[in-house]
Amino acid sequence: MAGVLLGVSLCATARQVSEVQAGAMSADIRRTAFGIPHIRASDERGLGYGIGYAYAQDNLCLLANEVVTVNGQRARYFGAEQATLEERNNLTSDVFFTWLNTPRRWRLSGRRRPRRCSSVLRGMWRGTTVIFRSAGQRGGRCSAKAPGCGRSIPQTW
C-alpha cells in the first residue's frame with residue numbers, strides 16, 4: 001500500500017509553477033503532472049484571480065461561448081439560425097438571457113452576496129480577462145480542440 005501511495009504522489013508532483021500578478025492581486029499556480037491547477041494566494045481576490053486565470057487557460061473557448069451566451073449575443077457572433085452547444089436556437093437563447101440578465105438583477109445579486117464572495121468573483125473576472133486579452137493579441141482565435149473553437153473571440157468584455 002505504501003508503494004502505491006508513493007507512486008501516486010510522485011506522479012502528482014508539480015510540473016509547472018507560475019506566479020501570476022495583476023496590480024495588487026497575485027496567485028501561485030502549481031500544476032500537477034496531470035495538469036491540475038493548485039492555487040495559493042494571500043487573500044480572496046488573489047485566489048479568485050488565480051482560479052480565473054487557470055480556468056481560462058484550460059477552457060478559453062468554452063468560457064468565451066458562455067460569456068457570449070449569457071450576454072445574449074449568440075445571434076450577433078454565430079448567426080441567428082445557428083444553435084448553441086446544447087442545441088438551442090441562438091436567437092431564442094439571446095431573448096431568454098437578455099430577459100434574465102437585466103442590470104437590475106445584477107445589482108440586486110451583488111447586494112446579496114457576501115463581501116468575501118464578491119472579492120473572489122472580482123479576482124476571477126480579472127484573471128479570465130488577462131487570458132482573453134492575450135488571446136486577442138494573438139489574433140483573437142481559440143486554438144483548443146473543443147466545441148466552438150477556431151472562431152474569433154468577441155472582444156466585447
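Q: What share of the 157 residues in the chain is made up of buried residues?
A: In this predicted model, buried residues make up 31% of the 157. The label goes to residues under 20% relative accessible area.

Q: How do you know that Gly50 is buried?
A: Gly50 has a relative accessibility of 0%. The cut-off for buried is under 20%, so Gly50 gets the label.

Q: Where is Gly50, and what is it in contact with beyond its neighbours within four places in sequence?
A: Gly50 sits in helix H2. With those neighbours set aside, Gly50 touches Ala27, Ile29 and Ile39. Contact here calls for heavy atoms within 4.5 Å. As for Glu19, 31 residues away along the chain, its C-alpha atom is 9.0 Å from that of Gly50.

Q: What makes Arg31 and Asp58 a salt bridge?
A: Their closest N and O atoms are 3.1 Å apart. The rule asks for a side-chain nitrogen of Lys or Arg within 4 Å of a carboxyl oxygen of Asp or Glu, so Arg31 and Asp58 qualify.

Q: Why is this pair said to tie together parts of the chain?
A: Arg31 belongs to strand E2 (residues 25–32) and Asp58 to helix H2 (residues 44–70), so the bridge links parts that are 27 residues apart in sequence.

Q: What makes Glu86 and Arg88 a salt bridge?
A: The closest N and O atoms of Glu86 and Arg88 are 3.5 Å apart. The limit is 4 Å, so they count as a salt bridge. Glu86 is partly exposed at 44% relative accessibility, and Arg88 is partly exposed too, at 36%.

Q: How many salt bridges does a search of the whole structure find?
A: The search turns up 4 salt bridges, including the one between Glu86 and Arg88.

Q: Why is the surface patch called positive?
A: The patch is formed by Arg104, Arg105, Arg107, Arg111 and Arg112. Arg counts as positive, so the patch carries that name.

Q: How do you know that Arg105 is partly exposed, and where does it lie?
A: Arg105 has 39% relative accessibility. That sits between the 20% and 50% cut-offs, so Arg105 is partly exposed. Its place is in helix H5 (residues 103–112).

Q: What pattern does the chain follow along the sequence?
A: The chain reads α-β-β-β-α-α-α-α-α, with 6 helices and 3 strands.

Definitions and conventions:
Residues numbered from 1 in each chain as written. Predicted model: local features only at pLDDT ≥ 70, side-chain atom pairs only at ≥ 80, totals over all residues. Heavy atoms only, no water. Helix = DSSP H or I, 4+ residues; strand = E, 2+ residues; numbered from the N terminus. Buried < 20%, exposed > 50% of the residue type's maximum accessible area, 1.4 Å probe, protein only. Patch = residues over 30% accessible without salt bridge, like charges linked within 9 Å, V, L, I, M, F, W, Y side chains within 5 Å. Areas by Shrake-Rupley, 256 points an atom, 1.4 Å probe, with all protein chains shown as cover. Charge placed at Lys NZ, Arg CZ, Asp CG, Glu CD.
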